[in-house]
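Here is a short briefing on one structure.

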Amino acid sequence: MLKFNYYGHACFQLDDGKYKVLFDPFLTGNPQATIKPEEVKADYLFITHAHGDHVGDADVIIDKNDVTVIGIPEIMDFGGMNVKTIGMNLGGTIKLPFGYARMVPAMHSAGVSGGVACGYVLSIGGKIIYFAGDTCLFGDMKLIGERDAIDYAILPIGGHFTMDAIDAAKAVEFLGAKNAIPIHYNTWQPIEQNPEEFKNLVKSAQVHIVKPGESIELI
Ligand code: NI
Ligand code: MN
């Protein structure tokens, strides 16, 4: 059984019953967050890039958990904290106790000089999950979907900083994903978006709209 716990914006946790895997922990200052960073549990923490709305409370998560942080080396600067990290880069796959993780491209700035933004494909709980991170639509999403049969694509739909609902719907098609979960919208005015619009645009997959603070089982 695999749970998707949504904390708002681009922060969510996958829980396979044994391992808690957290992504882009932006909670302090996140108007959607319903949980404090001190309360979030993580065995693994994946970071897509160094913008504040993604790397956010990584320091608190590291401080409160026995966590391994995974990301591009250039973006994993935690100010001299004692951190267990696995640095990797685009196209790389690592084996982890719950399955595997592959770092895939995202088209977005890194948030620091040096490094690039990325997304991830994870095998966990018997499912293949693709988290796009912040990105625009790009044609090579087709290649990501060709290598792994994606059960759930977790995609930004807010526009302005990332792809919007129209491009995210095309991304679902390129990826060949069976299911999609929209994120990275309605946090602030510039990324206001009606997720129902996205749902209506997606013809090839089931769209699950999850509210911040809610959880769903990924079946
Ligand atoms: Ni960003
Ligand atoms: Mn962002």
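**Strand pairing and metal sites**

β8 and β9 pair in the antiparallel sense, over 7 bridges. The model is a predicted one.

**Sheet**

- P105 has C118, in β9, as its bridge partner.
- The open sheet has 7 strands, with mixed pairing. Their order is β7-β8-β9-β10-β11-β12-β13.
- The edges are held by β7 (93-96) and β13 (206-207). Each has a single partner strand, so one side of each lacks a neighbour in the sheet.
- Helix α4 (residues 165-175) packs on the sheet. The helix α4 touches β10, β11 (152-156) and β12 (179-183). The direction of α4 makes about 150° with that of β11.

**Nickel ion (ligand 1)**

- The protein donors of the nickel ion are H49 (NE2), H51 (ND1), H108 (NE2) and D134 (OD). They lie 2.2 to 2.3 Å from the nickel ion.
- The site of the nickel ion is irregular, with angles of 89 to 177° among its 4 donor atoms.
- Along the sequence, the nickel donor residues follow the spacing H-x1-H-x56-H-x25-D.
- H51 counts as partly exposed because its relative accessibility is 24%. H108 is also partly exposed, with a relative accessible area of 22%.

**Manganese ion (ligand 2)**

- D53 (OD), H54 (NE2), D134 (OD) and H184 (NE2) are the protein donors of the manganese ion. They lie 2.1 to 2.2 Å from the manganese ion.
- The spacing of the manganese donor residues in sequence is D-H-x79-D-x49-H.
- H54 and D134 link distant parts of the chain, 80 residues apart. H54 is in helix α1 (residues 52-55). D134 is in the loop between β10 (127-131) and α3 (141-147).
- H54 and D134 are both buried.

**The bridge between the ions**

- Which residue bridges the manganese ion and the nickel ion? D134 does, and the two ions lie 3.3 Å apart.

Technical notes:
Residues are numbered from 1 along each chain as its sequence is written. Chains are lettered from A and ligands numbered from 1 in the order in which they are written. This is a predicted model: local features need pLDDT of at least 70, side-chain atom pairs count only at pLDDT 80 or more; totals for chains, interfaces and linings use all residues. Side-chain values use heavy atoms; hydrogens and water are left out. Donors are N, O and S atoms within 2.8 Å of the metal (3.2 Å for Na, K and Ca); water is not among the atoms, so sites may look incomplete. Helices (H or I, at least four residues) and strands (E, at least two) are DSSP runs, numbered from the N terminus. Buried means under 20% relative accessible area, exposed over 50%, partly exposed in between (1.4 Å probe, protein chains only). Four donors count as tetrahedral if all angles lie between 85 and 135 degrees; four count as square planar and six as octahedral if opposite donors are over 155 degrees apart and all others between 65 and 115; anything else is irregular. Two strands pair if DSSP finds at least two bridges between them. Contact means heavy atoms within 4.5 Å. Axes are lines fitted to C-alpha atoms, for helices over the stretch in contact, and angles run from 0 to 180 degrees between N-to-C directions.
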